[in-house]
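This report goes through one protein chain, from its overall form to single residues. Keep the sequence and the 3D view at hand while reading.

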Amino acid sequence: MSSTTLPSPGEKAPPFGTDHVDLAELGYDQQLHRSLGKYASFAAGFSFVSILTTIFQLFGLGFSFGGPAFFFTWPMVFLGQFMVALNFAELAARYPISGAIYQWSRRMGGEIIGWFAGWFMIIAQIVTASAAAIALQVVLPSIWSGFQFVGEDTALTSADGAANAVILGSILLVLTTTINCIGVNWMSRINSIGVTCEIVGVIALVLVFFTHAERGPQVVFDTGAPGADPGYIWAWIVSGLMAAYVMVGFGSAGELAEETHNPRRVAPRTIRLALSASALGGGLMIVGALMAAPSLTDGNLATQGLPYVIDSILSSPWGTVLLIDVAIAVFICTLAIQTAASRLMFSMARDGRLPASTILSKVNSRTGTPIAPSVLIGFACVAILAVNVGNSAIFTTLSSVCIVLIYLAYLMVTVPLLVQRLKGWPHVGRQATPISAEEKLFTLGKFGIPVNIAAVLYGGLMVINLSWPRAEIFNPTGEFPLLQWAAPLTVIAVVLAGIACLPRGRTHPKPVTIGA
């Protein structure tokens, strides 16, 4: 197929029941089982962001640098990411294909840019799944001490806590890999149930915080201990890493487009909704925790985060129930990330863009899932955890590195997209046909260029902020000086590995016309 051109506006659009015909127009056969509805699509994005998982992990990080006023980094990051999400939504409506980041970037910027965007995103998602699995250490030992298999110190920043986190995370990854191999229907059911539990948990947690408030919402204007430093703005910028770590993965609905009914309509909506719902719920959780914390100055909020607040205001069994809900959120978050990564790997392998593509592109006819990518990603995640045993900075290092790679992959979509917009994209008569004659594709219209520019500027600034070699982030104990440079060194290593794996001398089996 030489281009992505679909029937002209005057021709009849394919009916709702022929998504496979729509996919064929984009150059691909229906191999994955198409069984996901609107809620399952939303759940994929919401569970990837997983505010219960990530805020439990990261609240202490943001508070320790910026004090209560770190809250204002949350809406700022949301606005920046929403600009990115709007661009993704417009692309998802026109190219509803698995491997969204890879597919979108190659259609906007060419095969090399597309390949590296996919490569960055695969590595990022593998590391992200590992980082998400670590979050069990923040929750399970608080539920029952028997979950602490190594030593007694449960803190992630301790050697005992880091080693135990690797054990718990590895067990979780084995479970998520098994589920992903069983089939998308089981994955969807488990994910949807888990997301429902997480939403209920977020609402319950916010209500608990607000009904046990020790102070008013004006607490968010308090700069805390760092406020005594004339350089507070720099501490506040560092605290913004918390929000940057959390609000990613909202585009997972695009990764599952080939398994979703009516993806041209559903995916754009769920991409925006997943991010917006996560931002609203997360913002209320942060404000509520600041209002309900017994103390803002005893150091516990910075070191223990939300579990400290919950333990202080709720006695068992309700506190335990909420922590169990958080553990469920960690589980589905890891599952969603691994699922998205497997679909991206499958999409690139189907195009012959990866080593061992023949194996990685096979779809099990019974389960309708690409089993080999799921297994490979599971092994890779466990391996990443294993090499970090004893590293007390495991969480911040993994989180920072994987988020830098994700933001770079996002830029490899938004920058080429901006170039194409300046050339007139989307071109009238050359864009994909709506899923029904009555309904138009989601479009930014005249706001496309300014929104795209905002997304690019935001993405570039966040890559710099996330990559900056801060010892207090990457090497808090001072034991591993090289870790301070973990982000830039990892990016260089990933680029070099990508150059080595880049397919050469082979024509892409599904070439596209750039900007079409």
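Helices here are DSSP runs of type H or I with at least four residues, and they are numbered from the N terminus. Glu-472 lies in one of them, helix H21, which covers residues 471-474. The model described in this report is predicted.

Is Glu-472 buried, exposed or partly exposed? Its relative accessibility is 42%, so Glu-472 counts as partly exposed. Glu-472 and Gln-484 are 12 residues apart along the chain, and 8.3 Å separates their C-alpha atoms.

## The chain as a whole

The protein chain contains 22 helices and zero strands. Its radius of gyration is 22 Å, close to the 24 Å given by the globule rule for 516 residues, so the chain is as compact as a globular protein of that length. The C-alpha trace spans about 65 × 45 × 45 Å along its principal axes.

Of the 516 residues in the chain, 62% are buried. The accessible surface amounts to about 19,000 Å², and carbon and sulfur atoms account for 69% of that surface. Contacts between residues at least 6 apart in sequence can be sorted by their distance along the chain: 83% of them join residues at least 24 apart.

## Cavities

Rolling a probe the size of a water molecule over the atoms shows where empty space is left. In this structure there are eight cavities of 30 Å³ or more. The largest cavity holds about 150 Å³ of space. It is lined by 16 residues, and those closest to its centre are Thr-54, Gln-57, Thr-128, Ala-131 and Tyr-245.

Which helices supply at least two residues each to this lining? They are helix H3 (51-66), helix H6 (111-134), helix H11 (241-246), helix H16 (318-350) and helix H19 (394-422). H19 gives the largest share, with four residues. By type, the lining of the largest cavity consists of 12 nonpolar residues, four polar residues and no charged residues.

## A covered helix

Helix H5 runs over residues 100-109 and is mostly covered, with nine of its 10 residues buried. Among the buried residues of H5 are Tyr-102, Gln-103, Trp-104, Arg-106 and Arg-107. After H5 comes Gly-110, which has a positive phi near 105°.

Leu-344 has a relative accessibility of 0%, so Leu-344 counts as buried.

Most residues other than glycine have a negative phi, and most peptide bonds are trans. Ser-50 is not a glycine, but its phi is positive, at about 45°. Ser-50 sits in the loop between helix H2 (38-49) and H3. With a relative accessible area of 0%, Ser-50 is buried.

Asn-262 likewise has a positive phi, about 50°, without being a glycine. Asn-262 belongs to the loop between helix H12 (252-255) and helix H13 (263-292). Is Asn-262 buried or exposed? Its relative accessible area is 11%, and buried means under 20%, so Asn-262 is buried. A further case concerns a peptide bond: the one from Trp-425 to Pro-426 is cis, with omega near -5°. Pro-426 is in the loop between H19 and helix H20 (448-467).

## A buried glutamate in a loop

Glu-259 is placed in the loop between H12 and H13, where Asn-262 is also found. The relative accessibility of Glu-259 is 0%, so Glu-259 counts as buried.

Which residues is Glu-259 in contact with, leaving aside its neighbours within four places in sequence? They are Leu-32, His-33, Arg-34, Ser-35, Leu-36, Val-184 and Arg-343. Glu-259 can be set against Glu-472 from the opening section: Glu-259 is buried, whereas Glu-472 is partly exposed.

Definitions and conventions:
Residues numbered from 1 in each chain as written. Predicted model: local features only at pLDDT ≥ 70, side-chain atom pairs only at ≥ 80, totals over all residues. Heavy atoms only, no water. 1 Å grid on protein atoms, 1.4 Å probe; cavity = no way out; pocket = protein on both sides within 12 Å on 5 of 7 lines; lining within 4 Å. Points joined across faces, edges and corners; volume = space filled by probe spheres on them. Nonpolar A, V, L, I, M, F, W, Y, C, P; charged D, E, K, R; others polar. Rg over C-alpha atoms; globule rule 2.2 N^0.38 Å. Buried < 20%, exposed > 50% of the residue type's maximum accessible area, 1.4 Å probe, protein only. Contact = heavy atoms within 4.5 Å. Areas by Shrake-Rupley, 256 points an atom, 1.4 Å probe, with all protein chains shown as cover.
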